[in-house]
Amino acid sequence: MDVPATFTHVYGQMTAGSYCYIGPQGIVHGTVLTVLNAGRRYLGLQDLAGKVFVTSGLGGMSGAQAKAAVIVGCIGVIAEVDGAALMKRHRQGWLMEVTDSLDHCIERLREARKTKEVLSLGYHGNVVDLWERLVHELDTTGELLVDLGSDQTSCHSPFNGGYYPVQLSFAEARSLMASDPTAFKGLVQESLRRHVSAINRLAREHFFFWDYGNAFLLEAQRAGADVGKPGANRTEFRYPSYVQHIMGDIFSQGFGPFRWVCTSGDPQDLVVTDRLAMSVLEEIVAGGVTPAVKLQYEDNIRWIREAAKHQLVVGSQARILYSDQKGRVAIAMAFNQAIARGELKAPVVLSRDHHDVSGTDSPFRETSNIYDGSAFCADMAVQNFVGDAFRGATWVALHNGGGVGWLLTVKTRHRSRGSSRAHAGLPGHLTSAPLISSMVPPQRQMHPELDPADAGGSATVPAPEGEVINGGFGLVLDGTEDAERKARRVLSWDVANGVARRCWSGSPMAYEVICQTMREDSSVAVTLPHTVADECVLQALQQ
Ligand SMILES: NC(=O)c1ccc[n+]([C@@H]2O[C@H](COP(=O)([O-])OP(=O)(O)OC[C@H]3O[C@@H](n4cnc5c(N)ncnc54)[C@H](O)[C@@H]3O)[C@@H](O)[C@H]2O)c1
């Protein structure tokens with residue numbers, strides 16, 4: 001690597017943050033794992049047949065919930081106020097049935113529970129009506145019709161159409177939002193209080209709810225809903241964030257969303273990479289891993305089989321799966337060798353969703369289970385951004401995200417042999433550095449110095465703003481030894497950095513994992529924390 005070659009910025013999100021948007025596949029995958037792990041954690045079940053998952057939202061990301069329920073094999077009931085969004089998912093085949101009648105919805109739900117039918121049912125209406133009806137059923141018949149629940153309305157932006165209040169129809173809401181934003185906000189907040197009150201009633205029974213990374217609990221709290229956790233501070237809620245409870249242990253083990261794009265654009269290349277990745281994971285399991293790690297690998301082997309069957313590719317021939325450091329490096333090596341042998345027609349780009357063990361600092365989501373105060377720092381994202389760049393990533397990205405913010409990308413230039421071959425094979429969207437000015441948010445208008453064009457190509461990197469910071473990378477595998485060396489170094493750093501941080505913040509699982517990683521990989525050296533009992537500290541201070 002020599003000098004930073006290009007700066008560019010676009011409107012940043014999680015998945016597209018490092019020029020690697022792979023369509024809805026990532027969120028389907030994440031939702032499958034979340035629901036599977038929620039079933040294990042809350043219901044003690046491996047098989048979710050006949051169990052009911054109720055949620056809302058069939059939009060861009062939330063639409064994945066319908067498909068995930070089917071892949072997992074449970075009954076998914078998803079409320080959506082927008083008929084167009086609902087029908088899109090129905091036409092696409094992700095929703096098996098739709099209804100706008102609550103009576104019919106409850107009838108179908110009862111039937112499917114009895115016969116353990118796999119079902120994704122879209123309810124065209126407000127999710128608060130659905131939750132209140134489930135409470136009514138419980139109170140009048142004693143029957144709890146739901147086992148697991150969440151929410152994926154766009155609560156990160158609740159007053160501009162992200163959350164529709166139950167008191168109004170969809171059309172009325174859209175009109176009031178524009179004509180009287182203050183009245184609209186009041187209705188949204190009242191609706192959120194009703195929403196939480198229904199969930200609280202159900203949660204007194206054997207029902208489990210989690211926050212799905214959409215700021216639902218945060219906004220409900222701001223609205224005065226009863227979401228507080230007795231005896232805890234204001235940043236802790238009575239319901240867990242899915243990261244905190246369901247995915248937290250996965251991140252501490254170093255598992256996270258690793259992904260690749262076959263730059264040939266040939267579906268056959270994707271079939272080859274799927275086969276290679278699957279056999280790599282199977283070999284690692286056969287070589288002996290802990291029961292917890294085995295479970296993760298097995299879920300992902302199942303995912304690769306199912307993903308191919310459910311035709312989740314949209315656009316780029318890409319795949320995502322969860323893996324730890326060992327698996328990611330082994331998969332990268334297998335791909336690079338297959339490219340060298342000519343089994344794959346063109347280079348493969350490695351990347352990851354930023355919703356990962358290391359890439360994101362987000363105090364109400366990815367880092368919500370880090371209780372030492374560093375949840376509010378940007379350590380992991382910045383360290384990954386810088387560390388990945390120095391270890392040979394083809395490009396790196398630092399941006400805020402999770403629905404808001406801007407992104408600044410630094411593309412690095414390589415002198416190594418073979419890199420020109422790699423770049424020659426890349427599709428336009430992976431090599432160009434577009435300045436998408438229409439998507440640049442208002443901060444830039446207030447801070448024109450943030451525009452790299454104005455900076456005259458200077459190497460000043462402005463710091464991102466916002467509550468959530470993401471760091472990501474792209475790495476081209478072209479079959480050369482140089483690519484192999486870089487992949488080892490980047491992937492090891494990229495995963496170990498986050499595990500080490502979780503270890504320092506007190507996670508016993510992360511401590512075990514980082515010790516194991518150091519035993520297996522002599523290039524990883526992490527300073528280990530020493531746990532000290534509070535009494536010892538107090539004693540020392542008194543002396
Ligand atoms: N868990 C994750 O990993 C993850 C990933 C991406 C996005 N998110 C978050 O999830 C949320 C949803 O993302 P999206 O891309 O699907 O947004 P979206 O706006 O496309 O979809 C949300 C849908 O919710 C519907 N809705 C709003 N209020 C409703 C109500 N009261 N009842 C029924 N339906 C209602 C809207 O009509 C809309 O179609 C966002 O806040 C986003 O930041 C989470």
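The model is predicted, so local features require pLDDT of at least 70 and side-chain atom pairs count only at pLDDT 80 or more, whereas totals for chains, interfaces and linings use all residues. Residues are numbered from 1 along each chain as its sequence is written, and side-chain values use heavy atoms, with hydrogens and water left out.

**Overall make-up**

- The protein has 20 helices and 14 strands; helices (H or I, at least four residues) and strands (E, at least two) are DSSP runs numbered from the N terminus.
- Of the 543 residues in the protein, 57% are buried, a term that denotes under 20% relative accessible area with a 1.4 Å probe and protein chains only.
- The accessible surface comes to about 22200 Å², and carbon and sulfur atoms hold 53% of it; such areas come from the Shrake-Rupley method with a 1.4 Å probe, and for residues only the protein chains shown count as cover.
- Among contacts with a separation of 6 or more, 75% join residues 24 or more positions apart, where contact means heavy atoms within 4.5 Å.

**Ligand site**

- There are 27 residues around the ligand, and Ser62, Glu80, Ser154, His156 and Tyr164 come nearest; a residue belongs to this group if one of its heavy atoms lies within 4 Å of the ligand.
- The shell divides into 10 nonpolar, 14 polar and 3 charged residues. In this scheme Ala, Val, Leu, Ile, Met, Phe, Trp, Tyr, Cys and Pro are nonpolar, Asp, Glu, Lys and Arg are charged, and the others, Gly among them, are polar.
- Ser62 places a polar side-chain atom 2.6 Å from an oxygen atom of the ligand, and a polar side-chain atom of Gln152 lies 3.2 Å from a ligand nitrogen atom.
- The backbone also takes part: a polar backbone atom of Val127 is 3.1 Å from a nitrogen atom of the ligand.
- On its own the ligand has 850 Å² of accessible area, of which the protein covers 86%.

- Helix α2 (residues 64–72) has 8 of its 9 residues buried, including Lys67 and Gln65.
- These buried residues pack against α1 (25–43), β2 (52–56), β3 (75–80), β5 (119–124) and α12 (291–309).
- In helix α8 (residues 181–203) lies Gln189, which counts as buried at 18% relative accessibility.
- Leaving aside residues up to four places away in sequence, Gln189 touches Phe159, Arg222 and Ala223.

**Aromatic pairs**

- The count comes to 13 aromatic pairs. Rings of Phe, Tyr and Trp (its six-membered ring) pair if their centres lie within 6.5 Å; planes under 30 degrees apart are stacked, over 60 edge-to-face and the rest tilted.
- Phe255 and Tyr297 form an edge-to-face pair, because their ring centres are 5.4 Å apart and their planes stand at 75 degrees.
- Phe255 lies in the loop between α10 (242–252) and β8 (256–262) and Tyr297 in helix α12, so this pair ties together parts that are 42 residues apart in sequence.
- Phe255 is buried at 0% relative accessible area, and Tyr297 is buried at 0% relative accessibility.
- Phe258 and Trp260 form a tilted pair, 6.1 Å centre to centre with 50 degrees between the planes; Phe258 is buried at 1% and Trp260 at 0% relative accessibility.
- Ring pairs also link Tyr42, Phe53, Phe208, Trp210, Tyr212 and Tyr242 into a cluster.

Conventions
Polar contact = N/O pair within 3.5 Å; in protein donor to acceptor, adjacent residues only side chain to side chain. Buried < 20%, exposed > 50% of the residue type's maximum accessible area, 1.4 Å probe, protein only.
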